[in-house]
Amino acid sequence: MQQQDQILPRIGFIGAGRVAKGLAWGMAQGGQRVGAAASRSPASAEQLAARIAGCRAAANAQDVVDRSDLVFVTVPDDAIAAVAASLKWREGVAVIHCSGATEVAVLEPAARAGAQIGGFHPLQLFADAEVALAGLPGCTIAIEAEAPLLSQLEQLARALRCRTLRLPPGCRARYHVAAHYAAGFVITLLNQAVELWQSFGIEREDTIRALLPLLRGTAASVERSGLAQGLAGTYSRGDIGTVEKHLAELARVGPDALHLYCELALRSIPLGLERGGYDEHRAEAMRVLLRRALKP
Ligand SMILES: NC(=O)c1ccc[n+]([C@@H]2O[C@H](COP(=O)([O-])OP(=O)(O)OC[C@H]3O[C@@H](n4cnc5c(N)ncnc54)[C@H](OP(=O)(O)O)[C@@H]3O)[C@@H](O)[C@H]2O)c1
């Protein structure tokens, strides 16, 4: 164990919220050496440290930097730059943030002092620390760093039993946009369904209960068969009569609902074609109907 401690980097956390706790506890369970945590409120750092043997709540953030080889700045996105700029960094230390949308360059003050900088973004929704710990295994962590930090972070992701994805510099905002299509925007779309069913008297909770198995089935279908072959419904088959019924009904509901439907439907057609559900002639007939419905 002593020999292992000499090899393993000392990991510290600044900002002991949901992600920090989930990562720190998971890393410690995976045999990594999490040694220090500081937060705005001492209680948060103490909660993080309490579940890890050999980890202490540090007096302040600088204490974490001074005691660690890898420092995770796990504060809210808007605070990362100020926290990084307020600390004294040194050569040989690495500082990493966990934000999806924030460029790694925000850690530049640390780089100027000789530190390595990186990004380590778990692609998962963490409502609380326990959810974070349970949700990490199997999820993907998007890593942005140069060697040798890159391989250290990939090793940490493996200790958490996560997959990894390498992000090139400068793409984080676009990367983060894409993640919304598998997370928050799915909820937005479910809300659209709720509104439609509410208009004929079905309660929100009943709609959610009815649609969740469909959502799980859709995820399972994509996992099993991929996007095109996993597609089901009207735009997998090219049912033009059904498209006409949908458009006529949504015209009665209102322009917003109609617009959203048409945009999504137009983007479904290439997948239906790839699936082999219909030919280009039928695809064009559907596009014409949808574009006509989109015109003001
Ligand atoms: N939650 C998610 O689903 C998720 C997923 C992937 C990535 N992320 C990223 O992970 C990072 C942390 O997010 P989170 O969800 O863990 O946020 P969070 O639960 O709000 O935790 C942030 C922590 O930072 C502390 N803090 C705030 N300002 C600070 C400062 N100036 N100095 C020191 N500590 C400070 C907070 O204060 P207290 O000490 O008062 O508690 C809190 O414990 C963000 O970059 C976020 O984008 C989040």
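Student: Phe 13 and Phe 72: buried or exposed?
Tutor: Both are buried. Keep in mind that this is a predicted model.

Student: What about Phe 72 and Phe 120, how do those rings sit?
Tutor: Their centres are 5.5 Å apart and the planes meet at 75°, so the pair is edge-to-face. Planes over 60 degrees apart count that way.

Student: Where in the chain are those two?
Tutor: Phe 72 is in strand E4, and Phe 120 is in strand E6 (residues 116-122). They are 48 residues apart, so to speak distant parts of the chain linked by the pair.

Student: Is Phe 120 buried or exposed?
Tutor: Buried, like Phe 72. Phe 13, Phe 72 and Phe 120 make up one aromatic cluster.

Student: New topic. What sits over the Trp 25 ring?
Tutor: The charged end of Arg 51, 3.7 Å from the ring centre.

Student: Now the sheet. What's the strand order?
Tutor: E3-E2-E1-E4-E5-E6-E7-E8, eight strands in an open sheet with mixed pairing.

Student: Which strands stand at the edges?
Tutor: Strand E3 (56-57) and strand E8 (163-166). Each has a single partner strand, so one side of each has no neighbour in the sheet.

Student: How do E5 and E6 pair?
Tutor: In the parallel sense, over four bridges; E5 covers residues 94-97. His 97 is opposite Gly 119 in E6.

Student: Which strands does helix H9 lie across?
Tutor: H9 (residues 172-180) lies across E5, E6, E7 (140-144) and E8. H9 runs at about 10° to E6.

Note on methods: Residues numbered from 1 in each chain as written. Predicted model: local features only at pLDDT ≥ 70, side-chain atom pairs only at ≥ 80, totals over all residues. Heavy atoms only, no water. Buried < 20%, exposed > 50% of the residue type's maximum accessible area, 1.4 Å probe, protein only. Phe/Tyr/Trp six-rings, centres within 6.5 Å; stacked < 30°, edge-to-face > 60°. Lys NZ or Arg CZ within 6 Å of the ring centre and 35° of its normal. Pairing = 2+ DSSP bridges. Contact = heavy atoms within 4.5 Å. Axes fitted to C-alpha atoms, helices over the stretch in contact; angles between N-to-C directions.
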